[in-house]
Amino acid sequence: MTPDLKKQVLTKTAETVLERRYYIKDSDGEVAETWETLCKRVSDAVAQVDKQSKQFEALRESYFRMMYHLDFLPNSPCLMNAGTDIGQLSACFVLPIEDSMDGIFTAIRNGALVHKTGGGTGYSFSRLRSRNASVRSTQGVASGPLSFAAVFDAATETIKQGGKRRGANMGVLRIDHPDIMDFISAKENQDKFTNFNFSVAITDEFMAAVEKKEEYSLIEPSSAETVGTLSARAVFDKIVDLAWHNGEPGVLFIDAANRDNMTPQLGDFEATNPCGEQWLLPYESCNLGSLNLSNFVKDGAVDFARLEQVVRVATSFLDSVIDCNRFPIPEIEEMTLKTRKIGMGIMGLHDMLIQLELPYGSEAGRKQAAEIMNFVREKAEERSVELAEEKGSFPAYDPEINDYPARRNAALTSIQPTGTVSMIADCASGCEPYFSIVMIKHVMDGDRLILVNKHFEQIARKEGFYSEELMAKVADSGTVIGHDEIPEKWQEIFRTAQDVTPEDHILMQGILQSNGVDSSISKTINLPHDATREEVELSYLMGYRSGCKGLTVYRDGSRDQQVLNTQDSTVEEKTALVSASGVKKSLPDTLSAKRYRVKDQDQKSVYIIVCFDENEKAMEVFAKFPFDNRVDLKDKSTMWTTICRLVSLALRFNIPVSEIIKQLDRSSGHMLDLPAQLSKLFKSFMAGTQHGFASCCPECSGTLVFEEGCETCHDCGYSKCS
């Protein structure tokens, strides 16, 4: 350790994430790094760009300290790959798909090379001719964008199996493409396109037609001719309906993005990276990093002097990442070096507001957030202008077109997902409020561990309202709101993502977008489970009018196979444990059912069918192997069938689901065996109106939360989008 270096203590969660995903392993698979040596590896690699400079040693040391003390962290590929043989340090890419077989399969190949090195890709399918459009070269008809999107999805599924970061894609289709209705409905069944986020590129013309309740034109991309019209209102209603159903598709306001295109002479934006915060031209990449705002509060005020210092160092760091990067294909290197875009973002915004005693959803909170983001943008540009004087401006800079000072980087700021890096930094992710303040973590033998937000615990102890009983109550309710023991001031300051109104979520995104964000913002607009389609519609309209460049709306509990995150069993279930009648409930001849496809320990598909009564209460469970008559599956099929019969019997005798879950968890020896799979499902059936629903983590069976437009596991660091 450097002699005067104050040791940085990481949380247990941070160390778990680092060991699973970031630390280099030796030939035996054992961890061969510490946080200090990882930071040295990354800082040494990036500083090599300035090896011949007199500032080399100072830069290397400043890069190291900035990361080691968690003031700023680069994106995951940089932390993973800097100083290694891989050397690919960018997080996000946009690849073009030309309207030809050669163009399509070139894009698939290029995407595979990007995913192999840890990057995420955005694709616009808008150039592909519509389904049944004529193809002159073959005298046949086209199969349409969705058929090829399925090929991209399958390629990603194959590539992701061996990497440290799974491949992630954004699929975009313009609202005026003839196949738009099929695209909007494509992910209604969540078993399809599982490696894609889908978003509709919405134009100003379409939004005007929605408001006027007019029809709008559909344009065949292969001929640029109008081939039909649709009711804008009907199409918009379908987008709203599917977003209410499960959060997809998202919406991208493509005209708003292109109005802020820093290099229009190079082309128009067509797509974004997987989480929507980086609008990029075809073949562009962008390297990202995030300032940890929780580290810049001193004596109840923002320490702007220290923030400026770190912003300047981080700008130099991100610019140098471009030069030491090993790009997956030559076209990406060429385009990236033309524009030299960086994406400096933030994390820990909610932490900062808590320390300043400002509610996230308040006007004062938004004003403070805007001031911070403007300051970051201003200081980043100042440093980028200096770098242009030292090293030259980005090659595509044209003073006749670009009405801003010559600088090193065409774009400077964005707000990206920080799921795993914010776990390392122990702060709230991105510009999101905390997802929960007190969480329950189930451990062995059915016990539970209560995890309390560090700020909340500190304030509760200081002000004298901390107690184990209160923490348990907050965990069970999923919110600090409504507890008389907690002063109203702190109830407001510690509102979580579900407690903040959708309007306040959108207002925060809108004010950040218009105050210091060059590209865009990855953020989730959280809606309660009982939100209506009309509320989803209002969210989209408000986001558009607020100047947002894209929007992700998520209605709590709207995804299949979801588990409780912040709550244990309900009061009603606990009461039912005492008052169960002991009489087996009779069932009608017909029951509604849902089928869930899962994998067993041997990675074989098993179908679990759950039948529900008229009140949507689970009453029967069946397990079905695709080939029950196979000899090698006979014993396993018999065992699963027996367990399902016992669980069904317990349900019909009105045994509380919470008790069934406890027994299943105790019986589970592997996260993919039947008891574990059934436990996941039953957790999803416990009170659909409660707070804090999210999907199961496929890697550790923990809880995923939906934030920053993506599903992330706060236990192991898994992210669906990175």
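In the predicted model, Val 151 has a relative accessibility of 32% and therefore counts as partly exposed. This valine belongs to helix α6, which spans residues 145-159. Together with Met 101 and Phe 105, Val 151 makes a nonpolar surface patch of about 270 Å².

Charged side chains were examined next. Side chains of opposite charge can pair when their charged atoms come close. The structure holds 41 salt bridges. One of them joins the side chains of Asp 182 and Arg 131, with a distance of 2.8 Å from N to O. This pair links distant parts of the chain, since the two residues are 51 residues apart. Asp 182 is found in helix α7 (residues 180-185), while Arg 131 is placed in the loop between β3 (120-124) and β4 (134-135). Both partners are partly exposed: the relative accessibility is 32% for Asp 182 and 45% for Arg 131.

A salt bridge is also formed by Arg 259 and Asp 204, whose closest N and O atoms are 2.7 Å apart. Here, too, distant parts of the chain are linked, with Arg 259 in helix α10 (residues 254-259) and Asp 204 in helix α8 (residues 204-212), 55 residues apart. Arg 259 counts as exposed, at 56% relative accessibility, whereas Asp 204 is partly exposed, with a relative accessible area of 22%.

An α-helix has 3.6 residues a turn, so residues three or four places apart point the same way. Glu 457 is partly exposed at 25% relative accessibility, and Arg 461 is partly exposed at 47%. Elsewhere, salt bridges that share partners join Glu 308, Glu 378, Lys 379 and Glu 382 into one network.

Helix α20 was considered in terms of its span and its surroundings. The helix covers residues 533-545, a run of 13 residues. From its first C-alpha to its last, α20 reaches 19 Å, close to the 18 Å expected at 1.5 Å a residue. Buried positions in α20 are Val 536, Glu 537, Ser 539, Tyr 540, Leu 541 and Gly 543. The cover over these buried residues includes the helices α8, α9 (232-246) and α19 (502-513). It also includes the strands β10 (250-253), β19 (524-527) and β20 (550-555). Just after α20, Gly 547 takes a positive phi of about 90°.

Cys 431 is buried, with a relative accessible area of 1%. Cys 275 is likewise buried, its relative accessible area being 11%.

Terms used. Residues are numbered from 1 along each chain as its sequence is written. This is a predicted model: local features need pLDDT of at least 70, side-chain atom pairs count only at pLDDT 80 or more; totals for chains, interfaces and linings use all residues. Side-chain values use heavy atoms; hydrogens and water are left out. Buried means under 20% relative accessible area, exposed over 50%, partly exposed in between (1.4 Å probe, protein chains only). A salt bridge is a side-chain nitrogen of Lys or Arg within 4 Å of a carboxyl oxygen of Asp or Glu. Helices (H or I, at least four residues) and strands (E, at least two) are DSSP runs, numbered from the N terminus. Patches are made of residues with over 30% relative accessible area and no salt bridge: like charges are joined within 9 Å, nonpolar side chains (Val, Leu, Ile, Met, Phe, Trp, Tyr) within 5 Å. Accessible areas come from the Shrake-Rupley method with a 1.4 Å probe; for residues, only the protein chains shown count as cover. The expected span of a helix is 1.5 Å times one less than its number of residues. Contact means heavy atoms within 4.5 Å.
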